[in-house]
Amino acid sequence: MSKKVLIIEDHDEIRANLVEILEMARYTVYQAENGKLGVDLAISHVPDIILCDIMMPELDGYGVLYMLNRHEQTSGIPFIFLTAKAEHADLRKGMELGADDYLVKPFDDMELLNAIDIRLRKKAANDLSHQSRTEAFKILVEKTDGLAEFNKIIEEKKSRDFKKNQVIYYEDDHGKGLYLVTHGRVKTIKLAKDGRELMTGIYSQGDYLGINAVLSDSCYADTATALEDSSVCLIPLDQMETILNLYPEVARKFIHLLSRDNRAKEEQLLELAYHSVRKKMAGTLLRLYGQAKVNDNLINISREDLAAMACMATETVSRTLSDFKDEQLIDRNGTKIMVLNHEGLSKMKN
């Protein structure tokens with residue numbers, strides 16, 4: 001069965017040329033002359049890959065990608081931008097939205113076909129590896145029927161890949177379901193009116209996002225963004241509601257997780273409100289140390305993210321870390337911080 005390609009391009013001649021090339025290469029091709037029609041075609045036909053121009057009337061390429069990311073059936077489709085622009089800011093914007101590649105016009109036939117082939121092969125490899133990858137993330141291992149049913153749902157779901165800095169969901173989006181981090185790390189932030197970020201948590205392999213929204217049938221309370229290249233599995237809201245209603249033991253598990261998360265956030269707020277700079281930094285490092293899930297005492301986080309988590313200016317973070325290094329509490333190497341004296345940090349925090 002031939003692979004399906006959707007072309008979204010407002011220039012008639014360019015679109016016709018792309019259709020001709022891809023049909024000769026034995027692809028099934030769908031075409032749209034504007035972004036709105038392209039979104040409709042993507043949802044109705046669910047192509048294997050999408051080629052999309054950036055500058056278009058009605059809805060530009062960024063808008064197309066944003067809309068498709070909001071639909072579960074189209075959010076994981078490989079997406080290649082076609083553009084006459086190659087400015088760094090444009091490339092960064094597209095990649096942060098989740099684009100997989102860029103082709104800068106004019107490009108030749110082989111460049112086009114190779115780009116499509118690479119993305120399709122990568123997607124196929126990711127799909128094949130999904131089952132073996134999710135086996136490592138059955139964190140609910142009790143032998144009860146409800147937990148077994150929940151594990152079965154996780155196994156059947158495909159993980160979606162997110163690039164570093166790509167948004168998974170936005171604050172105030174209505175909860176679509178529960179997210180399980182299957183690879184990498186994800187941060188959650190709240191954005192102040194002046195644009196400053198407060199990081200509310202870091203989640204890694206085996207952690208859940210959006211528990212509050214699922215249990216209360218409300219909007220997400222913060223924005224979730226990939227700290228590094230990550231994979232996340234979405235369990236839709238309707239399936240979660242069925243499991244929670246049928247199996248009290250699963251509901252209890254998530255109530256415990258939510259309670260633990262709320263307690264951690266309460267402690268963070270108290271630190272931010274009343275502690276000194278040194279105490280706030282010690283508390284932040286200890287939280288990260290506890291979440292690291294490794295035995296080498298290493299914390300890998302950028303200065304900007306550490307500032308957002310501790311609610312400090314980046315310059316203050318640098319000065320405080322330098323003081324801690326001089327006191328042999330930590331060691332620093334780029335974005336990596338090694339905790340040398342866990343006991344010393346704990347005493348300072350308290």
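Helices (H or I, at least four residues) and strands (E, at least two) are DSSP runs, numbered from the N terminus. By that rule the protein chain has 13 helices and 16 strands, and Glu72, for example, is found in the loop between helix H3 (61-69) and strand E4 (79-83). This is a predicted model, in which local features need pLDDT of at least 70 and side-chain atom pairs count only at pLDDT 80 or more, while totals for chains, interfaces and linings use all residues. Residues are numbered from 1 along each chain as its sequence is written, and side-chain values use heavy atoms, with hydrogens and water left out.

**The chain overall**

- Buried residues make up 46% of the 350 residues in the protein chain, where buried means under 20% relative accessible area, exposed means over 50%, and partly exposed lies in between (1.4 Å probe, protein chains only).
- The accessible surface of the protein chain comes to about 18,200 Å², and 50% of that surface belongs to carbon and sulfur atoms; accessible areas come from the Shrake-Rupley method with a 1.4 Å probe, and for residues only the protein chains shown count as cover.
- Among the contacts in the protein chain with a separation of 6 or more, 68% are between residues 24 or more positions apart, a contact being heavy atoms within 4.5 Å.

**Surface patches**

- Patches are made of residues with over 30% relative accessible area and no salt bridge, and they join like charges within 9 Å or nonpolar side chains (Val, Leu, Ile, Met, Phe, Trp, Tyr) within 5 Å; a salt bridge is a side-chain nitrogen of Lys or Arg within 4 Å of a carboxyl oxygen of Asp or Glu.
- Glu72, Asp217, Asp238 and Glu241 form a negative surface patch, where Asp and Glu count as negative, Lys and Arg count as positive, and His and the chain ends are not counted; the place of a charge is taken as NZ of Lys, CZ of Arg, CG of Asp or CD of Glu.
- Glu72 counts as partly exposed because its relative accessibility is 45%.
- Tyr66, Met67 and Tyr170 make a nonpolar surface patch of about 250 Å², and Met67, which is found in helix H3, counts as partly exposed at 35% relative accessibility.

- Thr74 has its place in the loop between H3 and E4, and because its relative accessibility is 3%, Thr74 counts as buried.
- Not counting residues up to four places away in sequence, Thr74 touches Ala42, Ile43 and Leu68.
- Glu96 lies in helix H4 (residues 88-97) and counts as partly exposed, at 28% relative accessibility.
- Leaving aside neighbours within four places in sequence, Glu96 is in contact with Asn165, Gln166 and Val167; Glu96 and Phe162 are 66 residues apart in sequence and 9.0 Å apart in space, C-alpha to C-alpha.

**Backbone angles**

- Most residues other than glycine have a negative phi, and most peptide bonds are trans.
- Arg26, in the loop between helix H1 (12-24) and strand E2 (28-32), is not a glycine, yet its phi has a positive value near 75°; Arg26 is exposed, with a relative accessible area of 69%.
- Asp217 also belongs to the negative patch and is found in the loop between helix H7 (211-216) and strand E12 (223-226); its phi is positive, about 50°, although Asp217 is not a glycine, and it counts as partly exposed at 43% relative accessibility.
- Lys105 and Pro106 are joined by a cis peptide bond with omega of about -5°, and Pro106 is found in the loop between strand E5 (101-104) and helix H5 (109-135).
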